[in-house]
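Let's sit down with a model and learn to read it feature by feature. Have the sequence and the 3D view open side by side.

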Amino acid sequence: MSQKWKATALRMGELYVEKSSLTYQKDVGDYLWIPMWATAITDGTHSILVDTGIHDLNWVEKNIGPCRQSEDEYLVEALNKGVGWSPDDVDIVINTHLHYDHCGNNRLFPNAKFVVQRREWEAAHNPIPCQEPIYFNELFDTSAVNYFNWIFVDGEEEVVPGVKVFLTPGHSEGHQSVLVDTEEGILCVAGDVSNLIENIQENLPAGILTCTKEMYKGMEDVRERAELILPGHDLYIQKYQNSNFPAIKKSSVKKYDR
């Protein structure tokens, strides 16, 4: 990685959830509002968006649960206010995975190529039963994205110099995270391999899983490869934050023996 990038957190609204859905068997019965984060990254030449939020507040409330958004948390407004982009400016969209809250606005980016793990694409079209409610095909099928605009990757891939994707499955079959070479260090835009900072710091898997063992491995890979992290739903990230992301504490977690 050679070029230095800037990452900006874009808040896509909030979900009301039981905390144990984020922290495996911990804080059962505790409910809280959690943000949904998309991330705009640029080196001054490329304009890349990691995840695209939810497509419709009413759909989420009807099919998933309580949700709320302020006006500047709708994606077009957030992009404009956070980084001064319109959807037409985005060159590349990286979906960490294809759950409804991470690909909801894919349809808004006519000029973009879309990067997803092939394993995730296949799982999204044939999910295991417990994941069926959180995939919604209309958000990623041909009515949303031209099939030929998808780039399917298998494992680690350099998207452009300074930006890599790598497999971090366990929350979903083909979940991926993104490494970004910033001036402050290697940032992991984690998606849901680490919903909250406490997941990565305490080696605590999410409560929504396809494979617990894979998620432990994914968290270990993040700790080994990145210095900073932007978790997918963390409460302490600030709207439009573009520096001073949380540092990953590497020494406090025993390595998973696999």
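This is a predicted model: local features need pLDDT of at least 70, side-chain atom pairs count only at pLDDT 80 or more; totals for chains, interfaces and linings use all residues.

Q: How do I read a sheet, and what is the order of the seven strands in the open sheet?
A: Strands of a sheet pair through backbone hydrogen bonds, either parallel or antiparallel. Two strands pair here if DSSP finds at least two bridges between them. Strands (E, at least two residues) and helices (H or I, at least four) are DSSP runs, numbered from the N terminus. The seven-strand open sheet has the order S4-S1-S2-S3-S5-S6-S7, and its pairing is mixed. Strand S4 (67–68) and S7 are at the edges with a single partner strand each, so one side of each has no neighbour in the sheet.

Q: How many bridges join strand S1 to strand S2?
A: Eleven bridges join S1 (residues 6–18) to S2 (residues 31–42), and the two run antiparallel. To find one by eye, look for valine 17, whose bridge partner in S2 is leucine 32.

Q: Which helices lie on these strands?
A: Contact means heavy atoms within 4.5 Å. Axes are lines fitted to C-alpha atoms, for helices over the stretch in contact, and angles between N-to-C directions run from 0 to 180 degrees. Helix H2 (residues 75–83) packs on the sheet and touches S1, S2 and strand S3 (47–50), with its direction at about 140 degrees to that of S1. Helix H4 (residues 118–125) lies across S6 and S7, running at about 85 degrees to S6.

Q: What is the strand order in the open sheet of five strands?
A: The order is S8-S9-S10-S11-S12, again with mixed pairing. Strand S8 (157–160) and strand S12 (228–231) are the edge strands, each pairing on one side only. From one strand to the next the twist averages 25 degrees. Inside the sheet, S9 (residues 163–167) and S10 (residues 176–182) pair in the antiparallel sense over five bridges, and lysine 164 stands opposite leucine 179 in S10. Helix H6 (residues 212–225) lies across S9, S10, strand S11 (185–191) and S12, at about 150 degrees to S9.

Q: How do I read aromatic pairs, and how many does the structure hold?
A: Rings of Phe, Tyr and Trp (its six-membered ring) pair if their centres lie within 6.5 Å; planes under 30 degrees apart count as stacked, over 60 as edge-to-face and the rest as tilted. The structure holds twelve such pairs. One of them is tilted: phenylalanine 114 and tryptophan 150, at 5.4 Å centre to centre with 50 degrees between the planes. This pair links distant parts of the chain, 36 residues apart, with phenylalanine 114 in strand S6 (residues 113–117) and tryptophan 150 in strand S7 (residues 150–153). Both belong to one aromatic cluster, which also includes Trp121, Phe140, Tyr147, Phe148 and Phe152.

Q: Where do charges sit over rings?
A: A charge sits over a ring if NZ of Lys or CZ of Arg is within 6 Å of the ring centre and within 35 degrees of the ring normal. Arginine 68 lies over the face of tryptophan 33, at 3.9 Å from the ring centre. Arginine 225 lies over the face of phenylalanine 166, at 5.0 Å.

Q: Is asparagine 203 buried or exposed?
A: Buried means under 20% relative accessible area, exposed over 50%, and partly exposed in between (1.4 Å probe, protein chains only). Asparagine 203 is buried, at 18%, in the loop between helix H5 (197–202) and H6. Most residues other than glycine have a negative phi. Asparagine 203, however, has a positive phi of about 55 degrees.

Technical notes
Residues are numbered from 1 along each chain as its sequence is written. Side-chain values use heavy atoms; hydrogens and water are left out.
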